[in-house]
Amino acid sequence: MSLNFLNARKDVESRLADQIHSLQEELKSLRRQAGKRGAQSYTDARESAADLVEDIRDTLAPTMAQVRRQARHAGESVKTHPAASVAVGLIVLGLAAALFAGRSSSR
């Protein structure tokens with residue numbers, strides 16, 4: 001009887017060892033697949049981001065030239081009329097402070 005028990009035990013141990021080995025192989029395969037999918041997802045995201053940046057650059061390029069011209073013109077105006085520029089700056093700051101104060105008091 002003890003011989004049957006030992007044989008049954010060895011059989012169970014052997015099947016468990018086979019199952020563990022099979023699960024380890026499956027886990028290796030899943031890790032490889034996850035790595036490949038992760039690399040592909042990273043590549044796709046990088047390409048999408050590059051396309052988005054290119055689209056933004058193409059859209060903003062004409063506008064940026066105009067912004068540069070206006071900034072240059074504003075800089076020249078500040079140089080020729082410094083007192084008026086300071087007054088306008090103070091007015092803008094005052095309006096911004098009033099706007100923020102009004103928002104914080106309404107909450």
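Is K28 buried, partly exposed or exposed, and what is its relative accessible area? K28 is partly exposed, with a relative accessible area of 43%, because that value falls between the 20% limit for buried and the 50% limit for exposed. Please keep in mind that this is a predicted model.

- Helix α1 covers residues 2–80, and K28 is found in it.
- With 79 residues at 1.5 Å each, α1 should span 117 Å, and its end C-alpha atoms are 108 Å apart, which agrees.
- A kink of about 45 degrees lies at A61 in α1, shortly before the proline P62.
- From K28 to T80 there are 52 residues along the chain, and the C-alpha atoms of these two are separated by 73 Å.

**Salt bridges**

- How many salt bridges are there? The count comes to three, with a side-chain nitrogen of Lys or Arg required to lie within 4 Å of a carboxyl oxygen of Asp or Glu.
- As background, side chains of opposite charge can pair when their charged atoms come close.
- E25 and K28 meet through their side chains in a salt bridge, at 3.6 Å from N to O.
- These two residues, E25 and K28, are three apart in α1, so about one helical turn separates them.
- E25 is partly exposed at 35% relative accessibility, and K28 is partly exposed at 43%.
- D11 and R15 form a salt bridge at 3.1 Å, N to O, and lie four residues apart in α1, about one turn of the helix.
- D11 has a relative accessible area of 39% and is partly exposed, while R15 counts as partly exposed at 46%.
- E13 pairs with R9 in a salt bridge whose closest N and O atoms are 3.3 Å apart.
- Four residues separate E13 and R9 in α1, so they sit about one helical turn from each other.
- E13 counts as partly exposed at 40% relative accessibility, and R9 does too at 48%.

- Which residues make the nonpolar surface patch of about 420 Å²? L52, I56, L60, M64 and V67 make it.
- V67, one of the patch residues, is found in helix α1.

Technical notes:
Residues numbered from 1 in each chain as written. Predicted model: local features only at pLDDT ≥ 70, side-chain atom pairs only at ≥ 80, totals over all residues. Heavy atoms only, no water. Buried < 20%, exposed > 50% of the residue type's maximum accessible area, 1.4 Å probe, protein only. Patch = residues over 30% accessible without salt bridge, like charges linked within 9 Å, V, L, I, M, F, W, Y side chains within 5 Å. Areas by Shrake-Rupley, 256 points an atom, 1.4 Å probe, with all protein chains shown as cover. Expected span 1.5 Å × (residues − 1). Bend = angle between axes of the 7 residues up to and from the residue.
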